[in-house]
Amino acid sequence: MSEAPTRLTIATRRSKLALAQSHWIKARLEALQPGLDVVLREYVTRGDRIQNVPLNEVGGKGLFTKEIEDALLAGEADLAVHSLKDLPSELPPGLVLAAVPEREDPRDALVLPAGADVAAALGHATQDPGACGTSAAGELKGLPLPLDTRVGTSSLRRMAQLRHLRPDLVLESVRGNVDTRLRKLDEGQYGALLLAAAGLRRLGLAERISLPLPVEISIPAPGQGALGLEARAEDPVTLGLLARLADAETHTCVRAERALMDAVGGGCSVPLGAYARIHGDQLELIGVLAAPDGSHLVRAQLTGPTQDAESLGSTLAVRLLDQGGREILESLTH
């Protein structure tokens with residue numbers, strides 16, 4: 001049996017959210033193995049350096065991961081903590097996805113300016129978390145924002161779905177860390193923001209969530225709300241420890257979502273959403289593919305055995321493409 005490690009190094013981006021996620025994993029690991037010392041080593045990725053360009057225009061795989069993966073391969077760190085939606089499915093040789101812990105709230109969230117009367121502005125909201133393993137208990141009809149509201153988000157996927165639902169809204173790209181975006185919102189530069197609910201919760205900002213959007217309105221990004229723990233394939237000691245943090249249900253759901261993403265292709269320039277939830281031994285997967293301007297949106301759903309998660313993802317991808325998604329992809333390349 002391999003000797004238990006006494007010290008592990010986590011490679012992390014230096015954003016507040018990345019550090020919060022890494023500190024959460026650090027606490028979990030140290031609780032699993034008393035006496036273990038887990039330290040964080042910070043890196044700046046290409047995605048962090050480019051702040052004045054919309055993400056879909058930056059392009060390229062590993063926008064937020066390459067520098068961190070280089071550190072793993074060089075032996076500067078033992079593991080990396082990623083937002084799974086930022087982690088490409090194809091990892092560099094020598095690295096593996098070691099574990100996916102239990103998922104946070106996977107939904108997109110509407111955020112209004114500080115002090116806004118949420119009840120008056122939105123009328124009503126659903127409280128169901130819609131997390132993997134649950135079903136939606138409520139349904140929101142439309143999105144009750146005033147006409148022509150200026151809404152900021154960094155996600156082309158969120159923009160496309162909201163433009164399809166509410167073409168009157170003014171959707172604008174907003175980059176920067178969460179604090180910067182919230183400051184711009186509170187200063188009046190935007191009437192609302194669209195952010196990931198998981199990020200706000202992990203930062204202790206759950207009170208800023210004005211309305212968690214049901215997947216019937218905004219289907220999340222594949223893997224949204226989940227973390228991916230990456231490590232070297234030839235490090236059995238670290239892999240064994242990380243495996244104890246794995247959540248089988250979350251991993252099943254994100255396998256289906258990422259299989260759909262891989263089968264569709266196109267990278268971050270494609271407004272693609274995928275979300276899976278489990279009911280007993282059945283997995284329900286819903287996907288969406290949309291034109292960036294919201295003029296054309298294809299949505300499809302599929303249910304099957306949980307053990308067929310990846311084949312369900314690839315099958316639903318074909319259905320999306322056959323129902324009009326292929327034309328959307330072709331329009332993006334012209």
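**Note on a predicted single-chain model**

1. β11 and β12 form a hairpin with two residues between them. In that turn, G280 has a positive phi of about 65 degrees. The model is predicted, so side-chain atom pairs count only at pLDDT 80 or more.

2. I278 has L283 of β12 as its bridge partner. Y275 is bridged to I286 of β12. A274 stands opposite G287, again in β12.

3. A second hairpin comes next in these points. β12 and β13 form a hairpin with six residues between them. G294, in the turn, has a positive phi of about 80 degrees. Nine bridges join β12 and β13, in the antiparallel sense. L283 stands opposite G304 in β13. L283 is also the bridge partner of I278.

4. What order do the three strands take in their open sheet? The order is β11-β12-β13, and the pairing is antiparallel. β11 and β13 stand at the edges with a single partner strand each, so one side of each has no neighbour in the sheet. Neighbouring strands are turned by 15 degrees against each other on average, direction ignored. Helix α11 packs on this sheet and touches β12 and β13. The direction of α11 makes about 165 degrees with that of β13.

5. β12 is mostly covered, with eight of its nine residues buried.

6. Now the core. The largest nonpolar core has 23 residues. L260, V264, L283, L285 and L289 touch the most other members. The elements giving two or more residues are α10 (248–264), β11 (272–279), β12 (282–290), β13 (297–305) and α11 (309–332). α11 gives the most, with eight residues. As a general point, nonpolar side chains in soluble globular proteins tend to be buried together.

7. Leaving aside neighbours within four places in sequence, L260 is in contact with L272, A274, L285, G287, G313, S314, L316, A317 and L320. Another core, of 16 residues, lies apart from the largest one. Among its residues are V38, L229, L242 and L245.

8. Five strands form an open sheet in the order β7-β6-β8-β5-β9, with mixed pairing. β7 (170–173) and β9 (211–212) are at the edges, each with a single partner strand, so one side of each is left without a neighbour in the sheet. Strand β5 (residues 108–111) runs antiparallel to β9, joined by two bridges. The bridge partner of A109 is P212 in β9.

9. Two helices lie across strands of the five-stranded sheet. α6 lies across β5, β6 (150–153), β7 and β8 (192–196). It runs at about 175 degrees to β7. Helix α7 (residues 178–186) lies across β5 and β8, at about 160 degrees to β8.

10. Is α6 mostly covered or mostly exposed? Helix α6 (residues 156–165) is mostly covered, with seven of its ten residues buried. The buried residues are L156, R157, R158, M159, A160, Q161 and L162. At the start of the helix, a side-chain oxygen of S155 reaches to within 3.3 Å of the backbone nitrogen of R157.

11. S154 is found in the loop between β6 and α6. Its relative accessible area is 12%, which means that S154 is buried, as the cut-off is under 20%. The side chain of S154 makes a polar contact with the side chain of R181, at 3.3 Å.

12. Last, the totals for the chain. There are eleven helices and 13 strands. Of the 334 residues, 52% are buried. Among contacts between residues at least 6 apart in sequence, 67% join residues at least 24 apart. The chain exposes about 14100 Å², and carbon and sulfur atoms supply 50% of that area.

Technical notes:
Residues are numbered from 1 along each chain as its sequence is written. This is a predicted model: local features need pLDDT of at least 70, side-chain atom pairs count only at pLDDT 80 or more; totals for chains, interfaces and linings use all residues. Side-chain values use heavy atoms; hydrogens and water are left out. Helices (H or I, at least four residues) and strands (E, at least two) are DSSP runs, numbered from the N terminus. Buried means under 20% relative accessible area, exposed over 50%, partly exposed in between (1.4 Å probe, protein chains only). Contact means heavy atoms within 4.5 Å. Accessible areas come from the Shrake-Rupley method with a 1.4 Å probe; for residues, only the protein chains shown count as cover. A nonpolar core is a set of buried Ala, Val, Leu, Ile, Met, Phe, Trp, Tyr and Cys residues joined through side-chain atoms within 4.5 Å. A polar contact is a pair of N or O atoms within 3.5 Å; within protein, one must be able to donate a hydrogen and the other to accept it, and residues adjacent in sequence count only if both atoms are side-chain atoms. Two strands pair if DSSP finds at least two bridges between them. Axes are lines fitted to C-alpha atoms, for helices over the stretch in contact, and angles run from 0 to 180 degrees between N-to-C directions.
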